[in-house]
Amino acid sequence: MAETVEEISRKPEIRKELQRATGEKRSEGVKPRGKDKLWFIIHALVLAGCVAAYVILGWKLIPLPQSTLGIVGRILRGTALIVIVLAVARAISVYALGRIEDPSTRFTLQRIMHLVVALAMAVIAISIIFVNGSIIIGLAVQTPMKSFIAWIYILVRQPFRVGDRIQIGDATGDVIDVGYLDTTLWEFGGKYISGDHPSGRLIKFPNEKVLDEIVYNYSWPLFPYIWNEIKFYVAFNADLEFIASTMQKITEEELGKEMIARVQTFRDLLARTPVDELEVHERPRVIFRVNENTWLEAIVRYLVPPREAGRVKTRLIKKLLAALNVAPDKVMFPSGANR
């Protein structure tokens, strides 16, 4: 039995995409608890203490050797930076991550934040010990850090998920893994094979590519279908009504009533977004177009799940040719030297 619009819209990934597409405000997160407020106060007091101590050192109210002043100054600056990092992390945890409904996503982002905080504190500590340490570390981790930030972007904004069929740059395939630094695709099509059949090759690309390239996603949760079309050349004096009705009938039979009902359900879901759902037809459409080679193009356009596009097109071509060739005088395909 096909799912209703309400049943589908209650799924977490669908609800999230609806919120993103419609601008609907998410439910407010949990207000900070007394314990969280206490930690903010402690961070503020420690930061104020560091600032006060740094000012006192600057005024040289305490007589210390110049070398000692430099070391103490770096320690105070480092401590202040660490306190700021911890305070910002707690604020993000309370005011941002606390609003995320999906527990798995919230847990993953918490782990990411803890890792980033640990890395930041390590960089600050090295900078205190070695004056030029931060410059060396910055140069060494620049590229990996960009890919790591892109991984966070993928988790939060979700331009694609594991299982989605995407195209990025020249790479096209199904996402089978999203790691900290790179993403892995199971390629379809490619250099050695035509169509959308898997090539057997794996494609790995650094996550930072997502920040610089356009990502084409064939698996949008709000509408997990793509348009496909088949066209034949026919003569100008062909029986266009016969051709249109035959192609429409054969395509509808191949897609089946369940497929048409599913598309109708998602079409109703699209009505809640800025997308013009009136342009989404759940039934196949047949159109005619004048071609430059003096023939007409008879085109049947239909919706299909991305992974079934190649198989459906192959079956449809066979059935459409069989039905149209029954009446060659009405269809008038190009023949012989006229092809």
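How many helices and strands does the protein have?

1. Overall make-up. The protein has 10 helices and 8 strands. Helices (H or I, at least four residues) and strands (E, at least two) are DSSP runs, numbered from the N terminus. This is a predicted model, in which local features need pLDDT of at least 70, side-chain atom pairs count only at pLDDT 80 or more, and totals for chains, interfaces and linings use all residues. Residues are numbered from 1 along each chain as its sequence is written, and side-chain values use heavy atoms, with hydrogens and water left out.

2. Burial and surface. Of the 339 residues, 35% are buried. Buried means under 20% relative accessible area, exposed over 50%, partly exposed in between (1.4 Å probe, protein chains only). The accessible surface is about 20500 Å². Carbon and sulfur atoms hold 62% of that surface. Areas come from the Shrake-Rupley method with a 1.4 Å probe; for residues, only the protein chains shown count as cover.

3. Three strands form an open sheet in the order 6-8-7, with antiparallel pairing. Strand 6 (226-234) and strand 7 are the edges; each has a single partner strand, so one side of each lacks a neighbour in the sheet. The twist averages 25° from one strand to the next. Strands count as paired if DSSP finds at least two bridges between them. Strand 6 and strand 8 (residues 296-304) pair over 9 bridges. W227 stands opposite L303 in strand 8.

4. Helices on the sheet. Helix 8 packs on the sheet and touches strand 6, strand 7 and strand 8. Its direction makes about 10° with that of strand 8. Helix 9 (residues 309-324) lies across strand 6 and strand 8, at about 30° to strand 6. Axes are lines fitted to C-alpha atoms, for helices over the stretch in contact, and angles run from 0 to 180 degrees between N-to-C directions.

5. I299. This residue is found in strand 8. I299 is buried, with a relative accessible area of 0%. Not counting residues up to four places away in sequence, I299 touches E229, I230, K231, M247, R285, V286, I287 and R289.

6. T273. The loop between helix 8 (240-270) and strand 7 (285-290) holds T273. T273 counts as buried because its relative accessibility is 9%. T273 and L222 are 51 residues apart in sequence and 9.4 Å apart in space, C-alpha to C-alpha.

Methods:
Contact means heavy atoms within 4.5 Å.
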